[in-house]
Amino acid sequence: MLGGGGITGIAWEIGVLAGLAEAGIDMASADVVVGTSAGSVVGAELLSGVPIEDVYQGQLADATGERADSLGVGVLVRLLTAPLWSRDPRRARARLGRAALAARTQPESEFRARFERGMSNPAWPSERRLLITAVDAESGEELVFDRDSGVPLLDAVAASCAVPLVFPPVTVDGRRCMDGGMRSFANADLASGSDRVVVLAPVSGSVRRAGRIGWQLASLGPGVRSVVVTPDAEARRAIGRNVLDPARRAAAARAGRAQAARVAGAVAEVWKPASV
């Protein structure tokens with residue numbers, strides 16, 4: 001389970017994955033990978049066929065000249081409190097979606113082009129199952145895309161990353177879609193049927209119980225082994241306050257890799273088969 005967290009969240013998660021691989025834990029061998037927002041980018045890269053070490057090295061590249069966006073305090077407050085706008089989560093998401101559709105942002109084509117330039121492999125993975133989350137901006141319906149959905153991976157990832165009020169909703173198969181993190185930051189409950197679950201979550205809070213990672217993991221039933229990795233103090237300092245600042249990317253990636261060494265034991269305990 002790969003959660004949302006902006007540009008620095010992408011970098012931190014890739015750093016953790018590279019560090020775990022170095023410790024002998026290959027997360028690309030997972031039967032199912034669920035990517036939400038930043039995690040959708042990470043999931044696509046993890047299963048792209050490109051060695052995770054190469055993906056990690058790409059996160060260390062100079063960010064000079066790259067566009068730096070910002071959530072802003074007002075936008076952040078609206079996003080965090082949006083689930084409280086209605087007792088019905090779907091209606092609350094639809095209300096936020098209407099605001100997203102009306103917001104003045106960059107053109108959808110320009111936003112989508114970011115992913116055209118940045119993805120290592122635009123094809124859905126054929127051997128592993130990748131699930132990408134999004135939300136229909138008009139209806140508030142939760143969406144999950146996979147290779148059988150009939151939509152391009154690039155569109156699914158762009159939609160999952162379309163933070164409301166910051167980026168434009170992305171058109172996927174005729175539907176205007178926004179960030180999958182508007183359902184929950186990690187969507188850990190989509191791991192239904194799994195007996196081992198590893199969650200990397202740059203952001204883990206939720207004002208609604210149903211969106212909390214612990215509650216979602218508990219909903220999977222007894223006998224499911226799980227571990228949740230969130231940024232430690234060193235990583236939080238590296239990430240900084242603006243998760244959309246590419247200047248923080250390299251530091252966040254390095255912090256993730258360093259943290260991987262400290263959490264590898266706990267992850268290994270969950271990742272190894274129960275009979276081992």
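Which residues in helix 1 meet which residues in helix 3?

Tutor: Quick ground rules before we zoom in. This is a predicted model, where local features need pLDDT of at least 70 and side-chain atom pairs count only at pLDDT 80 or more, while totals for chains, interfaces and linings use all residues. Residues are numbered from 1 along each chain as its sequence is written, and side-chain values use heavy atoms, leaving out hydrogens and water.

Now your spot. On the helix 1 side you have Ile10, Ala11, Ile14, Gly15, Leu17, Ala18 and Ala21, and they meet Ile52, Glu53, Val55, Tyr56 and Gln59 in helix 3 (contact means heavy atoms within 4.5 Å). Sorted by class, that makes nine nonpolar residues, two polar and one charged; here Ala, Val, Leu, Ile, Met, Phe, Trp, Tyr, Cys and Pro count as nonpolar, Asp, Glu, Lys and Arg as charged, and the others, Gly among them, as polar.

How do the two helices sit? Two packed helices are described by the angle between their axes and the distance between the axes. The crossing of helix 1 and helix 3 is left-handed, meaning that the near helix is turned anticlockwise from the far one by less than a right angle.

Ser40, Val41 and Ala44 of helix 2 touch Leu153, Val157 and Ser160 of helix 7, giving four nonpolar residues, two polar and no charged ones. The crossing of helix 2 and helix 7 is left-handed too.

Zooming out, the chain has 10 helices and seven strands, which are DSSP runs numbered from the N terminus: H or I of at least four residues for helices, E of at least two for strands. The C-alpha trace spans about 50 × 45 × 35 Å along its principal axes.
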